[in-house]
Amino acid sequence: MIFNASGCLDALEAPEVARALDVFVTKTVTPQPREGNRPVRIAETEAGMLNSIGLENPGIEALFADKLPQLAQLGAPLWVSVGGFAASDYAELCAALDDRPEVAAIELNLSCPNVEEAPESASEIVHAARRETRKTLYAKLSPAAADLQDTARAVQAAGADGLTLVNTMRGLALDDTTLQPRLGRETGGYSGPGLKPIALAAVYQCYRATGMPIVGMGGISTGRDALEFLAAGAASIALGTILFSDPDAPGRVRRELADELASRGLSTAEAATGLAHSQGPVSVA
Ligand SMILES: Cc1cc2nc3c(=O)[nH]c(=O)nc-3n(C[C@H](O)[C@H](O)[C@H](O)COP(=O)(O)O)c2cc1C
């Protein structure tokens, strides 16, 4: 299944792109509206981009009043990405989303490098969120954690149903002439092709550690990239930075992936999941 990466597609601005996906994931929503960080908030680099958007969003009430009914019209299952500055924020958002029939699943953004993080651990946040919702709950983790496998096991134990891997990593770009940081917030989240080997390692390790379903992302721009994420252990893949330069990527990557699978005699994407593991696919715990 092909998702968009949270924050990389405005489905109401480009509904035809969203309709080419199997699942649409919203930009991360917080309890209160947020203006985000000061400009400049996007910078291109040699291989990929930096962003310091800082979770700009209208807040959960505006999502409910305004966007959610329109997003539900798209037809694709809708995942809502939620973020906050304390476990209680995540819990509040999950409670509010729990009885919304339009929402198929909730993604907990535990890993935005552009804002202050909640003081609680990832597993404490998942635990607090799990108490408030019966919806499918995915935990989105940063590839920067040294103990990523332990974090993955801990969020699994706390009640997450799956993992979203990976978010951006902190990076810096300097102006050619002034040598000053190009982003207003100085550092930002790095995404795009350079993230791919790091993301693949995260998927590979967390799949082996947990056997959980994984939505894999990080620099995917071709069907071959998508195949590699499946082989590393992803059950689904998401397109992020590529959507800014190629809005037709969902259809193209889908066709390319189908060709890649067929050329290896694989009848479905599921058959490719976990193939990179020499001991064979991990059985789901
Ligand atoms: C402009 C931009 C905005 C993003 N906003 C969010 C966000 O609101 N929530 C989130 O979880 N991830 C956000 N991300 C991270 C992406 O969802 C994704 O994890 C990351 O970009 C890696 O995938 P990619 O290399 O294919 O872009 C954002 C990324 C970009 C480039």
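**Talking through the model**

User: Where is Glu186 found?

Analyst: Glu186 is found in the loop between β9 and β10; helices here are DSSP runs of H or I with at least four residues, strands are DSSP runs of E with at least two, and both are numbered from the N terminus. This is a predicted model, in which local features need pLDDT of at least 70 and side-chain atom pairs count only at pLDDT 80 or more, while totals for chains, interfaces and linings use all residues. Residues are numbered from 1 along each chain as its sequence is written.

User: What is the phi of Glu186?

Analyst: Glu186 has a positive phi of about 75°, although it is not a glycine. Most residues other than glycine have a negative phi, and most peptide bonds are trans.

User: Is Leu179 buried or exposed?

Analyst: Leu179 is exposed, because 7 other C-beta atoms lie within 10 Å. The cut-offs are 20 or more other C-beta atoms within 10 Å for buried, 12 or fewer for exposed, and partly exposed in between, with C-beta atoms placed from the backbone. Glu186 counts as partly exposed because it has 13 C-beta neighbours inside 10 Å. Leu179 is found in the loop between β9 and β10, and its phi is near 60°, a positive value in a residue other than glycine.

User: Changing topic, how many residues surround the ligand?

Analyst: The ligand is surrounded by 24 residues, the closest being Ala5, Gly7, Ser191, Gly240 and Thr241; a residue is near a molecule or strand if its C-beta atom, placed from the backbone, lies within 6 Å of it. This shell divides into eight nonpolar, 14 polar and two charged residues, where Ala, Val, Leu, Ile, Met, Phe, Trp, Tyr, Cys and Pro count as nonpolar, Asp, Glu, Lys and Arg as charged, and the others, Gly among them, as polar.

User: Why does Gly240 count as buried?

Analyst: Gly240 counts as buried because it has 26 C-beta neighbours inside 10 Å. Gly240 is found in the loop between β12 (236-239) and α8 (242-245). Leaving aside neighbours within four places in sequence, Gly240 is in contact with Ala5, Cys8, Ser191 and Met217, contact being defined as C-beta atoms, placed from the backbone, within 7 Å.

User: What is the order of the open sheet of four strands?

Analyst: The order is β3-β4-β10-β9, with antiparallel pairing. At the edges stand β3 (42-45) and β9 (169-172), each with a single partner strand, so one side of each is left without a neighbour in the sheet.

User: And the order of the sheet of eight strands, what is that?

Analyst: That open sheet runs β1-β12-β11-β8-β7-β6-β5-β2, with parallel pairing. Its edge strands are β1 (2-4) and β2 (24-25), each pairing on one side only. Elsewhere in the sheet, β7 (residues 136-141) and β8 (residues 162-165) pair in the parallel sense over four bridges, and the bridge partner of Leu141 in β8 is Leu165.

User: Last one: which residues touch the most other members of the largest nonpolar core?

Analyst: Of its 82 residues, Ile106, Leu108, Ala139, Leu163, Val203 and Ile214 touch the most other members; such a core is a set of buried Ala, Val, Leu, Ile, Met, Phe, Trp, Tyr and Cys residues joined through C-beta atoms within 7 Å. Helix α6 (residues 196-210) gives the most to this core, with seven residues. Leaving aside neighbours within four places in sequence, Ile214 is in contact with residues including Leu163, Leu165 and Val203.

Definitions and conventions
Two residues are in contact if their C-beta atoms, placed from the backbone, lie within 7 Å. Two strands pair if DSSP finds at least two bridges between them.
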